[in-house]
Amino acid sequence: MASYNLMINDHSYSVDVDPQMPLLWVIRDFVGLKGTKFGCGIAQCGACTVHMDGNPVRSCTLPVSAMAGHKITTIEGISTNIDHPVQKAWIEMQVPQCGYCHSGQIMSAVALLKKNPKPDDAAIDIGMQGNICRCGTYQRIRKAIHRASELMATETKKAF
Amino acid sequence: MPATAKLDRRSFLKMTGLSGTAFILGFYSSGEKGATIVNMSGLEESVNLTPYIIIEKTGKIIIMNPRPEMGQGTYQSLPSIIAEELEISIDQISIKQTSGEKEFGRQVSGGSSSVRGSYTMLRKVGASAREMLIKAASEQWNVPVGECYAENGKVFHKPSGKNISYGELAESASKLEVPKEPVLKDPKDFKLIGKSIHRPDINLKVSGRAVFGMDVEVPGMAYASVERCPVFGSKLLNYDDSEAKKIKGVQQVVKAERVVFGKTHYDSIAVVADNYWAALQGRKALKVQWDYQGNDKFNSNDYEQSLRNLAKTEGLIVHNSGDFDKTFAESPLTLEAFYETPMVSHSCMEPMNCVAHWKEDNTIEVWVSSQGPSLIKDELSRTLGVSQDSVKVNIMFNGGGFGRRLQSDFASETAMISKAVGKPVKVIWTREDDTQLGPFRPMTFSAMKGAISNDGKAVAFQHKVISPSLGASRNATFDKTKPDNSMVEGISDQKYEIPNMKNSYVLADFHIPISAWRSVTSSTLAFAHECFIDEMAVKANKDPLAFRLEMLTTESDTKKVLNKLKEVSEWDKPLPKGWGRGIAQYEFFAGLCGQVVVVSSKATGEVKVEKVYAVIDLGTVVNPDNVKAQVEGGIVMGLVAATKDGIRFENGKSVQTNFHNNRMLRINEMPEIEVHIIADGGPTIKGVGEPGLPPLAPALGNAIYAATGKRMRRLPVDLSKIS
């Protein structure tokens, strides 16, 4: 056991856990944020995607001991009122079915749009192919990312 | 106080972090728009107008949803049917999942039955309540009922314009007799049914606030990871847990049992710990000896060969019209083909899990992602010998169901572990458990025969199914001398007018647990059936769509679907070289859908699915956008089953263990899908969740043939290299 200070969604959390424990289980069972999901445990499905310093990572295989000094963002941290442009686009396109994979899908999409505010289909394929959806919502995910890109452009315009 | 109001507030799930305190099922008050979803809300000072409609004196209306949500949209579709007749808008209501209470009857999501099975009943529920509220108002005002009408959660008196809210009327209305035959609304006046209204659960699902079974925490809860032998039929010889107990956080190691279908018992060992990671590490440290009892010799190759051998036997006749044998023997043009499909896993994104608390008073409370509270009650009662009344079920959002969560093996096992350790326990299956332990969709093999007349018409047809039996897997006393109807689903029900048809079934014994999988046996039989129809068309030298339409001389929904497909897919428009179109339809218990798949092929043998056109026939549609979503989902799941790994056994266990070798479709492989809905009224209403799946594989196989001249008769096909 070892003690770690984690910066998650701009809050500081102190946990005393096995250094090998994946970040996923720390976030879920010790910090109590249940939005990040367990899907495969081997970084194959993307359900556990969170951001480490803004980059999408699979929290199911990242040991907590590697988190010191890094900023973690989970689905709970991208907005307080479900109004992130990606969330708005996901609602507008009614993307989720069962919804279980969509915390991870949205975290991947947010990261993609941050790097590439106007991704084409090929860029979406590359940015999103680490996330499996068993309900088959991919067509809507694609549409929603294009829509989120538009919404973000409008918001940026407004901000100036 | 109504029974449904006896809910305890202790069960609230406290979630820390940004979302604050949330109800068990997730809570999102959206303010202006959208319904609120509650599970454990207290319902003090409320009145049950019917079991389905609870009106609080504050005016808040709660609609009970008996069909668990697993992605199919029941939180929108079912409440909106009631709300339509009740004359309330969707944002005036809260939705509450039922928990297996007797007054709601059987509460299961399955068989694409949620809307088609309760459409008229739910409309009557809403209309009865509306009539009672109007009557209550008319009595209160002492005016004729005919002068009153309901709108937007209020009753109005037309001549005077005065109005009164449902909340104020609820108590007096509840004392009135429930009308037996309430007058239903004219569909032309519908405000909700037939409209693509947003689903109330979406906001929860894009914000991490939807609470799945996986997310439940109850006070004092321990976590468990459970070791079970991936070689089915093994017995536990002994185990050494000394290393496991050295892992920090491990509390106890206890024996349990996984019971599938109430009849097949598998030994299991549960490592119970303070947290899941510790439980998993403890499980890995177990030293277990299994007696495989010879089952480690089992492999898919040999089993499949045994199915091919069984195909030579006659089997049980399930349909016989005209004289197949004579026609086949005498026809100038005959053909035969053998089709094979694989076993597949359900692979819900949320691995199986359950929280159970076997309490000191011998009642059991479970929190679970399940397709039916009734199923959980049945399973616990059957396997654990407790009464149904002593089981309390809390149904959470299902992270996928697809038929897997019709089984409740994980719930009874978790309850046993809770009893053994005397505290609430959460069992989480690893993805490896979930992939290797089934139950799986069974494979079906099909021996096909057909005969064509001189003028190019199908005159004889035979579909013989050779497969394990779902009935025999479920039921220890299954009568093998009778055909298992679930294994010949739809093969005798297609609308093609073929005068001589003889279909049969050959049962193959199987020790691997198998179960329903989205669209059940139609998911595999349609491949053989509709590809063989295509083979007959080729033999008759006819266009596959024209060949089908020629066998549909009388009006039918199938004919409508095919004609619509012809139009929307631009069937007759030439395609680039190397491209091909394939068509298929399949009608079965759940409904009817037809599809055209368009593929491109390269000289290297690589095939790409370019586009899928789907036409689903419903009669009546409740939410068109959600229907499209379900068909899109069915097509993707059909593509995975047709083109990915499937489940194969070697040395007694599944070779596939996780998503790296049991691959799923990813976004870069996603074809464009265009869905059309036929909803031209009529008395029948067809299902939505499953019909989109069966036509995909045959339409794909037929498209590959059109593009490459190669006939696919065994699934899965590897699209990277067609051979």
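**Notebook: a predicted two-chain model**

**Entry on Val366(B).** I began with Val366(B), and I found that, once neighbours within four places in sequence are set aside, Val366(B) is in contact with Cys354(B), Val355(B), Ala356(B), Ile376(B), Val393(B), Asn394(B), Ala411(B) and Ala415(B). I count two residues as in contact if their C-beta atoms, placed from the backbone, lie within 7 Å.

**Entry on conventions.** I note that this is a predicted model, in which local features need pLDDT of at least 70 and side-chain atom pairs count only at pLDDT 80 or more, while totals for chains, interfaces and linings use all residues. Residues are numbered from 1 along each chain as its sequence is written, and chains are lettered from A and ligands numbered from 1 in the order in which they are written.

**Entry on confidence.** For the model I noted an ipTM of 0.98 and a pTM of 0.94. The pLDDT, the predictor's confidence in each residue from 0 to 100, averages 92 in chain B, where 93% of the residues score at least 70. Over residues 1-34 of chain B the pLDDT is below 50, although this stretch has 78 contacts in the model beyond near neighbours in sequence. Residues 38-44 of chain B also have a pLDDT below 50, with 26 contacts in the model beyond near neighbours in sequence.

**Entry on the core.** I went back to Val366(B) and found it listed, with Ile53(B), Ile63(B), Leu133(B), Ala224(B) and Ala614(B), among the residues with the most contacts inside the largest nonpolar core, which has 252 residues. Domain 1 (2-77) and domain 2 (85-159) of chain A both give residues to this core, so the core lies between them. Such a core is a set of buried Ala, Val, Leu, Ile, Met, Phe, Trp, Tyr and Cys residues joined through C-beta atoms within 7 Å. I call a residue buried if 20 or more other C-beta atoms lie within 10 Å of its own, exposed if 12 or fewer, and partly exposed in between, with C-beta atoms placed from the backbone.

**Entry on Phe440(B).** I then looked up Phe440(B), which lies in the loop between α10 (431-436) and β20 (445-452) of chain B. Phe440(B) is buried, with 26 other C-beta atoms within 10 Å. Not counting residues up to four places away in sequence, Phe440(B) touches Met343(B), Val344(B), Ser345(B), Ile512(B), Ile514(B) and Ile647(B). I also noted that 13 Å separate the C-alpha atoms of Phe440(B) and Thr341(B), which are 99 residues apart along the chain.

**Entry on chain B as a whole.** I recorded 16 helices and 28 strands in chain B, where helices (H or I, at least four residues) and strands (E, at least two) are DSSP runs numbered from the N terminus. Of the 723 residues of chain B, 57% count as buried. Among its contacts between residues at least 6 apart in sequence, 77% join residues at least 24 apart.

**Entry on chain A as a whole.** Chain A has 5 helices and 5 strands, and from the N terminus on I read its elements as β-β-α-β-β-β-α-α-α-α. Its C-alpha atoms fill a box of roughly 45 × 40 × 25 Å, taken along the principal axes. Buried residues make up 59% of the 160 residues in chain A.

**Entry on the domains of chain A.** Bounds here come from an automatic or database domain assignment, which gives domain 1 (2-77) and domain 2 (85-159) for chain A. Taken over C-alpha atoms, the centres of domain 1 and domain 2 of chain A are 22 Å apart. I found 15 residues of domain 1 of chain A in contact with 12 residues of domain 2 of chain A. On the domain 1 side of this contact, β3 (49-52) and β4 (55-58) of chain A each supply at least two residues, and β3(A) gives the most, with 3 residues.

**Entry on α2(A).** Of the 8 residues of α2(A), 6 are buried, so α2(A) is largely enclosed by the rest of the structure. I listed the buried ones as Pro85(A), Val86(A), Gln87(A), Ala89(A), Trp90(A) and Ile91(A). After α2(A) comes Gln94(A), whose phi is positive, near 50 degrees.
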